[in-house]
Each structure stands twice: as C-alpha cells, then as structure tokens.
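This briefing concerns helix packing and aromatic pairs. Please keep the structure in view while reading.

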Amino acid sequence: MKIILLLILLLLLLSVRNTRSRRHNMGNSDTKLHFRKAVIQLTTKTQPVEATDDVFWDQFWADASTTVQDVFALVPAAEIRAVREESPSNLATLCYKAVERLVQGADSGCPSDKERQIVLNCTRLLTRVLPYIFEDADWRGFFWSTVPGAGRAGRLDANGDGDDEARPLAESLLLAVANLLFCPDFTVQSHKKSSQDAAEDVLSIDSCEYIWEAGVGFAQSPPLNFVHDLNRTELLKLLLTCFSEAMYLPPSSDSKSLNPWVTFFCSAENRQALPLFTSLLNVVCAYDPVGYGIPYNHLLFSDYREQLVEQAVQILIVTLEHDAGSAAGSALQALDASGAPAAEEEEQESAGPDNLFVNYLSRIHREEDLGFILKGLARLLNNPLVQTYLPRSAKKIQFHQELLIVFWKFCDFNKKFLFFVLKSSDVLDMLVPILFYLNDARADQSRMGLMHIGVFVLLLLSGERNFGVRLNKPYTLRVPMDIPVFTGNHADLLIVIFHKIITSGHQRLQPLFDCLLTIIVNISPYMKSLSMVAANKLLHLLEAFSTPWFLFSSTQNHLLVFFLLEVFNNIIQYQFDGNCNLVYAIIRKRNIFHHLANLPTDTASVQKALQKKRKSRVSRTNSTEAESMEGSRPAVPAEPGTLKASLEATPGIDKITEKSQVTENGTLVAVPQSDSPQAAADNSAMSGASDTESNSERDHEADHTESESTRGRLSSVSSSVACSANPDWVLSWKGKLPLQTIMRLLQVLVPQVEKICIDKGLTDESEILKFLQHGTLVGLLPIPHPILIRKYQANAGTVMWFRTYMWGVIYLRNLDPPIWYDTDIRLFEIQRI
C-alpha cells in the first residue's frame, strides 16, 4: 500500500513539474530568440565590434532566463569555430568582456539578482567557448596574454596598483571565480542580517568563516541552500573547463610539464585556496546520498548536492595531479613524527611556489579529521553495494572512479592518512568495494581504466605490513558478487576475485596480471589461514601458468610462475601453522611442482610445446571457464554505443615498484635490483607486458583478434608474436625457480600422509587436514628466506597514465552539458564500443 501511495505522489509531482516547465518555456522563447540573434550577429559582422559597445555585448548575458543547456544549444560549435577563424577579434573581445563582468561581480559581491544572473550567464558562455580556444594551438596563449589598459591597473582589477604590470586574462578569470565561490547570498550564506554589501566588505571578508560544510578544520554545518549549490556547481564547471587545457596537449613523457591554470590557481596568489580546498573536501566527505533512507526519495526530489559533490571531487583530482612526483615527495618528507610541518618544508615553501592543495592535503594529521575523510570516502564507495528489499529504492552514485583517485592521492601524499587507514579494520571498508568494482568490470572493455586504478590502489596498500595483517579478519558480508560461496577471511575474498579476473576477465587485462600477483606476494607472509577455495584457486593459477606451451610462448610468462612460487614459499616459511588447506592442496597437486622441476629444455621439446600451443589454447579455455565460473555468472560486457577513453600504456611491474626487504625488527631496507633472488628473471622484458589500450592501432588489432577467436583468456597473456624460445633462454630462468622449500615440504609430508591413509584406511579429507594442522616442519625446511615487499613507486609513466585516465573519466562524466564533446582532444582518443 505504501509503495502505491509513493508512486501516486511521484506521478502528481511529475505532472505539476511538467505543467510549470511548459509555462516557463513559453515565456522564455522571446529571450532565447534575442540571445540567438546576438550570436548570429557576432558570426556575421565583418567589422570588429568595439569593446566599448556595451549595448551589443550585454545581449550575451543580460537575459534572466537563459540556462546552461540553452547556451550550449544556441551557440553551436560550428559558429564558435567560424568566429575564431574569420572574426578572431570579436571572439577575443567576447572572452575579455565576459571575464570583465565576472571580475566586476566578484568585486561588488553581486548585491542584486540582475548582477548574479549576469555572472551566471558569463560563466556559462565561457564554459561553452573555452574548449574551442584550447583546441587551436594559435589561441592557446590568448588567456595568458595581457589586455592593453586592462591589467592590474585597469578595469579587470580595479584594486591593483597603477605601477604593477598588466595581469593576464587567465589570472583575472581564476581569481574572480575563486572570489565568487565565497560571495555572500550568492554561493554562501550571509552572516549579516541586513543585506548591505559594499565592495570593500566583500573583498575583506574572511572566507574561512564561509566554508561550505563542516568537517576538516570547520565545525559549523551551514544550512542547505539548493540555489547556492547550483551556483557553486556552475562556477566549478567553469573552473574545470579552465583546467581542461591539458586535454588538448598530446601525451608527453615529461612528467614535470605543469598545467599553468592549476599552477596559478593553487598558488599563494589565490587567497581563497585554503577555504576552497577545505570546502571541496568537506562537501565530498560529508555527502550522504541515502540520507534518512526514505525509499525512492531520489525519484521524488532533485538532489542538487550530488551535482555539487561530483564537480567538487573532479576539481580535487585535477588540482592534486599538479606536479605529482616532486610535490608529493617534498610533502611527505616534510612531515615529522608529530604531524607538524618540518622546518625544511617552510624553507622550501619560501624558496619557490608550491601547490597549496597538495600542501594542505599533506598537512592533515588530526585523528578526527583523518577519520572523517576515511568514513566519508568509505560511505560513498560502498553506496552501490547497499541492498534493499525494494528494487532501485536507494540512490546509487556514479562517481566512484573519481573517489578512488582521491583516495589514491590521500594515501600517496599523506603518510599519516595511510597509516591511519591501515591501523584498524576500517581499511576493509575500502577493500570490499574496490574488489566489487574489479569483479563487476572485469569483462567490460569500456572500464579498463577502473580496473587499473583499483589494482593500483591495492598495490599501494599491499606495500604496508598492516594491510596483510588486516586481511585476516573473517569475511561475513554478503555483497552481491558472482563468486563461489566460501567461508573465510578477506584474504580469501581477494584471491578468489583476482583468480576470477585472470581467468574470466577481458583479454586487455594482461598488463595487470603481474600487478595482481605482486599484491598477493606482498600479503602472503601475513595470511594466517587460507580457505580451501582460495588455496585451490592459487594452485589452479600455477597449473595454468606452468604448462610448457604457455611458459615458452612469451618472454615474460615465466615471471608469473616466479610470483606464485614466492607466495607458496612465504606462506610455508612464515604461516605454516593454520594453513593446512593450502598445504593439503599443494600435496594433492604435487605433480605441478615435479613437472616444473623437470621442465624439458632441449630444442625438440620446446618446439613441440609451441606447436601444441593453438590446440592447447582451445582446450585450456574451455576447462578454465568451467572451473572458474562455478556457482557464478559472467560479467556483462559494455552495451553497444558505450564511449571509452583510450589510456596510456601501463608501465611494467618492475618500473612501478621498488623492492624492500623486511628486517627482523620489522623495518624495510631497500634491495638493489641486482641482489634480488630473481634478478635475471625480473630484468627481462617486463615492459613488454604493458601493451594496453594506448592507441587506435592496438585497439583495432585487439578487436580483430577477439572476433576471430573464442577469447582464450589465459592464452591471451602470451605475446601476439611468439618469442624465439631456445634452450639457453629456458635454462637461464629454470635454474632460478624457487622450488627448494616446496620440494622439501613434499619430501617430508607426502610419505607421512600416504602412510596415514594406508594405515587408517582414510578417505575423508578432514582427518588429513587435522593431521596437517597439528604437524610441524620446524628444523626440516631450508633457512627462512627474507620477506621481500614490492612497494609502489611513482615514475613518469604512471604520472602520464593517471593524467590520461583522470581526464578521460572527467570527459565521459560531463555529458550534460557536453563541455568537450566533438572538440579536438589530443590527450586521449574517444572510441565508441
């Protein structure tokens, strides 16, 4: 009955809204016509229009009923390009006049509704025009040039000193937008009872008293005002458009290339940097899409806060991308044990400009602030996992990719946050949704970027001992994932899903296989009790990766076997007690290890294995799918017509990690590459495994391969061009296979297990497991090897990958209005699947 009443109420609200919109549209047709005429005049005028002709220019922002959708509809792309090519002075004057009105609005504080509307119209117009200025290399420096007579001493900045040099148009625009984001009665709630706004009051107010939401560094929660949220959203959209100049530059190997818009906006020149960073962060982390949990509330009422949160999180990831390597390094080094900035950072800050957003992020250290951030991100990332009895009754957010990037930035830039995340089981609130997204997206080629960012976050976390320890907590949630039912802990969940990604994921996930196994290697010394399901999955991967045809078909396939053997060795040496399930699985599958130890290396055997490759591929595909999909269903591929942004190639695992050895007291000591046990193997062509969706030729090639085969998932790991396998190459790594510990275990335990089975006539696995559970190998195994951890290490390749991924996400998430659609993007390619 309640559901029926809710549906009736929904229909009534929709009918009232449609009636109002029809009346509104009838009244707006005249104003839209005037605006359209002004656009046509701009494109058809052969003579430049003077900047002093305010009657003409006011036509573009005087109307009170123009929406952002109207601006995008009434200013076609073809006409913007026509003005740019045929009447460049008119386009330049239009931009200058729009920025001038924004500066005037920021200086006056927008005391009237008319001035606020002018500011919004100028904001929408610039949002529409800017991408077409960025796409033309000849225009790219326009906003960084100075307008004669309108610099710091001119109309664009009336408060400047006459002696100062002219301020570039871009700086005036950015400062105006920053000030407008803290304009009383426009974007923030006024603290004054009377609305007496004077220019000096607006410019002298302390914006830190007007932070948008309670949270980090701010205790009061201002009342919600949907008009303020809408105005903030439009200004942030313009800000994001300004920053998007990076989309129109080709990928560069120079990681130090800075975005001038971001550099200036996050510098000390912007007095609103601190309140704005705090506002953006608090708005994101305080947002609760479910609210009071009223079913279908998102269908009955518009949630304007969600639009603001989406724009806020996108501004955050863009501004924190700036100078990622050096800024992060200096910020981390500048934090001492107490959380206070060290003296060195103060010297660095005075020595040169720095990204204040990164600086502020790295300084957050209070436990309540860190807890607020972590809980907020976890709540939003877990939102799509929430299950209700009523279908589609709870609101589902769509900006999880941006949230993962924000979480990544916090973990990478703020060590105290990383330690806070890992010091309790709260990290599992982040792990479960990440695994959910990985499992859900594994067969969808349009979400390869999501797969990468999820794996990168887990790789970063796995470099810390506490992450492996936390995974031993029992997994009791019932998240809707198509995986086999098991009873175990979070480490089991991770292994089961990683196995599923490798055996039933999209073929372009090949570059991630070594990352996935590296994560398991990093956590393996701390896994106390694997379930039988997870143990069998690990043995199944080793069986699949150790077949001769697979090992010989690519120069780096054997490295996957090295990783898995290292996992088994770590568990046997450091967590033998409690891992009877894995030991039993190793004993049952002992033939795999014997075959590896006796791998043929003569030319005839190698060639024979390669000849069987195609035949084995089909049979291996069928058996793998049957085994990996037990009790589950395959992920749904992308719908036809889905847009996908291409990505840069993923660097190999040896390029994005550095090896550290765990000492007896638990500290990490860096290990030189040449001193590692598998130096020769790891030094092989790992970077060759990074052939991901980096250009259209590769995409075409992959699509062609996919159409002519039945997607031999595991076999797709092998290189498209078989390497020239020869006995010397096989011998170079076969002798380094770390089989000694496992072979010693088998030598000791197999006779004992066989004897018990014969003596007692056992056919029940539980008795064997009980025997293994109480057994010991103390004094029988080789001396424990040192624990080797591969920690994530940023480099130019990962910086470029993150830049393309981040802007690709932003492009695809901003289609209403379509800010960058059909413009000449050069940072990545947009493909339709």
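Which residues in α4 meet which residues in α5? Val83, Arg84, Glu85 and Glu86 in α4 meet Pro88, Asn90 and Leu91 in α5, where contact means heavy atoms within 4.5 Å. The model is predicted: local features need pLDDT of at least 70, side-chain atom pairs count only at pLDDT 80 or more, and totals for chains, interfaces and linings use all residues. Residues are numbered from 1 along each chain as its sequence is written, and side-chain values use heavy atoms, leaving out hydrogens and water.

**Helix packing**
- Helix α4 (residues 77-86) packs on helix α5 (residues 88-108) at an angle of about 115°, with axes 5 Å apart.
- The helices α4 and α5 are therefore roughly perpendicular (65 to 115 degrees).
- Helix α18 (residues 400-413) and helix α38 (residues 796-813) pack at about 150°, their axes being 10 Å apart.
- From α18, Gln401, Glu402, Ile405 and Trp408 make the contact, and from α38, Phe802, Tyr805, Met806, Val809 and Arg813.

**Aromatic pairs**
- The whole structure holds 32 aromatic pairs (ring centres within 6.5 Å; planes under 30 degrees apart count as stacked, over 60 as edge-to-face and the rest as tilted).
- Phenylalanine 134 and tyrosine 248 form a tilted pair, 6.2 Å centre to centre with 50° between the planes.
- Both phenylalanine 134 and tyrosine 248 are buried (under 20% relative accessible area, with exposed over 50% and partly exposed in between, using a 1.4 Å probe and protein chains only).
- Tryptophan 144 is partly exposed at 24%, whereas tryptophan 261 is buried at 0%.
- Ring pairs join Phe134, Trp139, Phe142, Phe143, Trp144, Tyr248 and Trp261 into a cluster.

Methods:
Axes fitted to C-alpha atoms, helices over the stretch in contact; angles between N-to-C directions. Helix = DSSP H or I, 4+ residues; strand = E, 2+ residues; numbered from the N terminus. Parallel < 35°, antiparallel > 145°, perpendicular 65-115°, else oblique. Phe/Tyr/Trp six-rings, centres within 6.5 Å; stacked < 30°, edge-to-face > 60°.
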